[in-house]
Amino acid sequence: MREYFWIALLALGLAEISAMGGNHLPEAALNLNERFFDEVRELIKRRMEAKPLPLAGDEVALQNQRSYDNVPIPAASVPVPVLVENWPTDQHSFGQVTAVSVDPEGNPVIFHRADRYWDVNTFNESNIYYLIEYGPIKEKTIYVLDPKTGAIKTGWGSEMFYMPHGMTIDGHGNYWITDVAMHQAFKFRPFESKPQLVIGKRFRPGSSVKHLCKPTSIAVATTGEFFIADGYCNSRILKFNAAGKLLRSIPQPPEFLSLQVPHAITLLEHLDLLCIADRENMRVVCPKAGLKSSHGEGQPAATIQEPDLGRVFGVSGYGDIVFAVNGPTSMLPVRGFTIDPRSETIIGHWGEFKNPHSIAVSVNGSALYVTETGTNHQTNRVWKYVLA
């Protein structure tokens, strides 16, 4: 800033000298001005060598960033999910497997409903959970699986949840969980029964900044900031700092983004995008996450909406791409998709499912997992894919 002050002063000095007539100034004043100008020139030279002066509004940099964002990913560099046959090696008796995530050690972890089902008798018209008197699910609702065999390594979460929905495990091994019956989102340290952080009011749905209503999913940034998809009732995304202070609601004016059941969310931090499975709008939308700066917040989101996409249930980011799964939609195949948000296109199809609900990719990209919800242990299951 000091250099810009001297540059401004130089301009004023030149203007003053011109106005007074340089040839009529005293010699001492001319010498002083010459020394002054020499110092300013030296400052400008050092400044230019260190860093070019910014262009107005950094428009060139922004234009370069926009151009970079629109460069499609080369097809040869896109990993293809390949099904691992006969995984898991043993049959499990899970309830509806609503979520899967992968812990820092590479273990797939599932969140299931045990003997609970969500049907027309679960909530009233005000979104109040009907079955509070039955208490929380007695069985363990979270199981850590062996990535090689799919065998259960350990489990927890008994007597804690009423209607499981979303689960994300961050880079530190913390569990981020949503329960649609309690209308709450939780952060747990690994295997602890008392939450470190709670968002929402227990069994009290609402649309204020202190309430949630059937929240669906959570995405956590390496910065500690996190996003909650406040999904079924409010159709909004809430952004919080690491301490749980609300920073932003998506959408908000002047943002034109109408969501209908944001069912899952994932972050592409390199691109500073939050990608949303906008289920009932049958698309994936990726607004700016605002992790690097607030620039771009409120601008039109990258939108992937093609005829074969259908109702998108799950999304998981890996690098600069998104893997997604749709659910049953009239006359459309139920399968997986590989999406490039920068070109706003589907760049691959894979898999064949009946009723997938969630998807997760391991941190090192070695495996991808898809869960399905059904009516028995054969349809409530987890699929494993390797990324070739």
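Cys275 and Cys286 form a disulfide, with 2.2 Å between their sulfur atoms; a disulfide here is a pair of cysteine sulfur atoms within 2.5 Å. The model is predicted: local features need pLDDT of at least 70, side-chain atom pairs count only at pLDDT 80 or more, and totals for chains, interfaces and linings use all residues. Residues are numbered from 1 along each chain as its sequence is written, and side-chain values use heavy atoms, leaving out hydrogens and water.

The torsion about the S-S bond of Cys275 and Cys286 is about 110°, so this link is right-handed. Cys275 sits in strand β15 (residues 273-278) and Cys286 in strand β16 (residues 283-286), so the bond ties together parts eleven residues apart in sequence. Strands are DSSP runs of E, at least two residues, numbered from the N terminus. Cys275 counts as buried at 0% relative accessibility, and Cys286 does at 2%. Buried means under 20% relative accessible area, exposed over 50%, partly exposed in between, with a 1.4 Å probe and protein chains only.

The search of the whole structure finds two disulfides. Cys213 and Cys233 form one, their sulfur atoms 2.1 Å apart. With -60° about the S-S bond, the link of Cys213 and Cys233 is left-handed. Cys213 is buried at 3% relative accessibility, whereas Cys233 is partly exposed at 30%. Counting bonded cysteines along the chain, the pattern is 1-2, 3-4.

Now the wider chain. The chain has 24 strands. Buried residues make up 50% of its 388 residues.

Note on methods. Helix = DSSP H or I, 4+ residues; strand = E, 2+ residues; numbered from the N terminus.
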